[in-house]
Amino acid sequence: MAKLWRVYSGADGKSHVAELPLDLKPFRDVEGAHGQAAPTQSASGITFRIAPPGYVLDWHCAPRRQYSISLSGHAEIEVGDGTVVSLGPGDIVLAEDLTGQGHVTRVVGTEPRLYALVPLT
């Protein structure tokens, strides 16, 4: 099952990371789709990006509250306290560390990372 990670700014000026549960509830849609779903959230758009193997985005803060959804490839997120989280296909990061030291993002492995960014309103 995919994981949801929240990266956020702490009072110490460093970014931290916490795994969050996906708040899934049973649903049945008007066209008959059914299963489990999380509540709908307002977003301002979506973009798809590819980062090559070995790509490193050094210490940075998120430019806005946004989801980063891994579609293929593998990455790591490192936060200020030294915690490193591994991301694979289906994993989701809620980036909310808008101030402070920020975090590092690295593409690991031999394949590019395809991911979707969804800015939240």
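Mentor: The open sheet is made of six strands, in the order E2-E1-E10-E7-E12-E5, with mixed pairing; here a strand is a DSSP run of E of at least two residues, numbered from the N terminus, and two strands pair if DSSP finds at least two bridges between them. Strand E2 (15-20) and strand E5 (47-51) are at the edges, and each has a single partner strand, so one side of each lacks a neighbour in the sheet. From one strand to the next the twist averages 25 degrees, the axes being lines fitted to C-alpha atoms and the angles running from 0 to 180 degrees between N-to-C directions.

Before going further, please keep in mind that this is a predicted model, in which local features need pLDDT of at least 70 and side-chain atom pairs count only at pLDDT 80 or more, whereas totals for chains, interfaces and linings use all residues. Residues are numbered from 1 along each chain as its sequence is written, and side-chain values use heavy atoms, with hydrogens and water left out.

Within the sheet, strand E7 (residues 66-72) pairs with strand E12 (residues 113-119) in the antiparallel sense over six bridges, and in this pair Ser68 stands opposite Leu117 of E12.

Glu96 counts as buried at 17% relative accessibility, while Arg6, at 29%, is partly exposed (buried is under 20% relative accessible area, exposed over 50%, partly exposed in between, with a 1.4 Å probe and protein chains only).

The structure holds five salt bridges. One of them joins Arg106 and Glu78 (2.5 Å, N to O), again between distant parts of the chain, with Arg106 in strand E11 (residues 103-108) and Glu78 in strand E8 (residues 74-79), 28 residues apart. Arg106 is partly exposed at 24%, whereas Glu78 is buried at 18%.

The loop between strand E1 (4-9) and E2 contains Gly13, which is partly exposed with a relative accessible area of 32%. Its C-alpha atom is separated by 4.6 Å from that of Gly100, 87 residues apart along the chain. Apart from neighbours within four places in sequence, Gly13 is in contact with Gly100 and Gln101, contact meaning heavy atoms within 4.5 Å.

For the chain as a whole, the secondary structure comes to zero helices and twelve strands, a helix being a DSSP run of H or I of at least four residues. The radius of gyration is 15 Å, close to the 14 Å that the globule rule gives for 121 residues, so the chain is as compact as a globular protein of that length; the radius is taken over C-alpha atoms, and the rule is 2.2 Å times the number of residues to the power 0.38. Of the 121 residues, 34% count as buried, and among contacts between residues at least 6 apart in sequence, 70% join residues at least 24 apart.

Methods:
A salt bridge is a side-chain nitrogen of Lys or Arg within 4 Å of a carboxyl oxygen of Asp or Glu.
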